[in-house]
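Student: Could we walk through this protein together, with the sequence and the 3D view side by side?

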Amino acid sequence: MSEPTRTATLTLDGKVINLPVHHPTIGPDVIDIRKLYAEADVFTYDPGFTSTAACESAITYIDGDKGELLYRGYPIEQLAEHSSFLEVCFLLLYGNLPNTAQLADFESRVRNHTMVHEQMHYFFRGFRRDAHPMATMVGVVGAMSAFYHDSTDINDPWQREVAAIRMIAKLPTIAAMAFKYSIGQPFIYPKNSLDYASNFLHMCFAVPCEEYVPNPVIAKALDRIMMLHADHEQNASTSTVRLAGSSGANPFACIAAGIACLWGPAHGGANQAALEQLREIGTVDRIPEFIKMAKDKNSGVRLMGFGHRVYKNFDPRAKVMKESCDEVLELLGVHNNPTLQVAKELERIALQDDYFISKKLYPNVDFYSGIILEAIGFPTSMFTPIFALSRTVGWISQWREMIADPTLKIGRPRQLYIGEQQRDYVDVRHR
Ligand code: CMC
């Protein structure tokens, strides 16, 4: 841990408590309160962790006011323009961009693990056909620990490495299988001559009776979507993975926990919810009615795909995603799609509205990703699984960073208890 550079002083009932202040490489200083309870007999209260740094990390940095996102120091805009998803995976996992030989070796290692254990095909068949693909993914990824026993020992660095590669390689296969199962089509095995994104498109859209050739422009757009979602600091699902992992749970179980957390509409489920909301709005003339509801707290309606806990200026991922969206729609000749028209008008109106301006609510990455994914041909139920397979590398990088830290402790928050004080049991006849 960085050496403290300053000291913060807390005075409580006349007692002075000195708290070391750590200085990160970038970002706000961090007051170290680890000894606070022992010294002052108080906890800190921060529901939603709005002011809490839960760990040290060297992977991803976000400056919400500047709208900046860096993976290992590299701006997301540069990576989205010049890099590829697998190169970004290498960067997140190992800390630096690979040279040509390292990248070729990494790609080949991932390629060697794209198939899933054949027995897993039968496991899929236990699910109802109408199950949401995220429900299936939570189950199947959790079940990977039942199929890959040789990579569940978290104390063995080699097993941790194999588990990481297996998950990056197999998550697209599992997501595609969940999709195929839900539409009653046969599973399509991975085709390792294809690049990562094309392979996923192939597993989703090919059928055994016809030739399917993935469109390289679509594959590039999908690859970019994956890069933009690859990691995002200590968000809800990543924190879930870390918390699950802090108990020593195996990596497959931890990633399944992350997938479960990601599913919620406030997090990764927002891409599905945003597109469904655009469809519900239906026509441009209904937008004012929806904006009115979104501003009324009692309506229970929020504009999905708007707002972010950290970004209070703009979401840099949304900027890149918007450009990609325009490119893909142009390529596919989608101009008069009603959902797209509603999206564009909704964005225009919301960005001029005092409510959204004053609360710093801007379109986030999920606002545009759904439009692209729909244009590519994915049903809304596949939007969050695609987010999940893209975020897997971030989860696993954060998990590896945590496990390798010799000071790792089980995550165990405390609480502000507001329940009954101790009272005596009363026999049921006397209540
Ligand atoms: N529509 C209308 N009002 C909103 C919205 C919205 N989308 N988002 C926040 N607000 C209001 C909220 O009512 C609150 O008002 P007030 O201060 O008067 O009480 C204020 O803005 C702050 O909201 P909050 O819920 O305290 O903010 P948060 O940081 O806890 O929540 C968020 C962030 C992303 C959960 C929230 O903006 C939201 O629910 N957005 C819609 C869901 C969404 O698009 N999620 C995807 C996030 S990006 C992808 C990812 O990282 O997973």
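Student: Where is phenylalanine 127 found?
Tutor: First, this is a predicted model, where local features need pLDDT of at least 70, side-chain atom pairs count only at pLDDT 80 or more, and totals for chains, interfaces and linings use all residues. Residues are numbered from 1 along each chain as its sequence is written, and side-chain values use heavy atoms, leaving out hydrogens and water. Helices are DSSP runs of H or I with at least four residues, strands are runs of E with at least two, and both are numbered from the N terminus. Phenylalanine 127 is in the loop between helix H5 (119-124) and helix H6 (133-147).

Student: Is phenylalanine 127 buried, partly exposed or exposed?
Tutor: Buried means under 20% relative accessible area, exposed means over 50%, and partly exposed lies in between (1.4 Å probe, protein chains only). Phenylalanine 127 has a relative accessible area of 22%, so this residue is partly exposed.

Student: Which residues does phenylalanine 127 touch, not counting residues up to four places away in sequence?
Tutor: A contact means heavy atoms within 4.5 Å. With that rule, phenylalanine 127 touches Ala135, Thr136, Gly139, Val140 and Tyr181.

Student: How many bridges join strand E1 to strand E2?
Tutor: Two strands pair if DSSP finds at least two bridges between them. E1 (residues 6-12) and E2 (residues 15-22) run antiparallel, and they form a hairpin with 2 residues between them. The number of bridges joining E1 to E2 is 7.

Student: Which residue in E2 stands opposite threonine 9?
Tutor: Look across from threonine 9 to E2. The residue standing opposite is asparagine 18.
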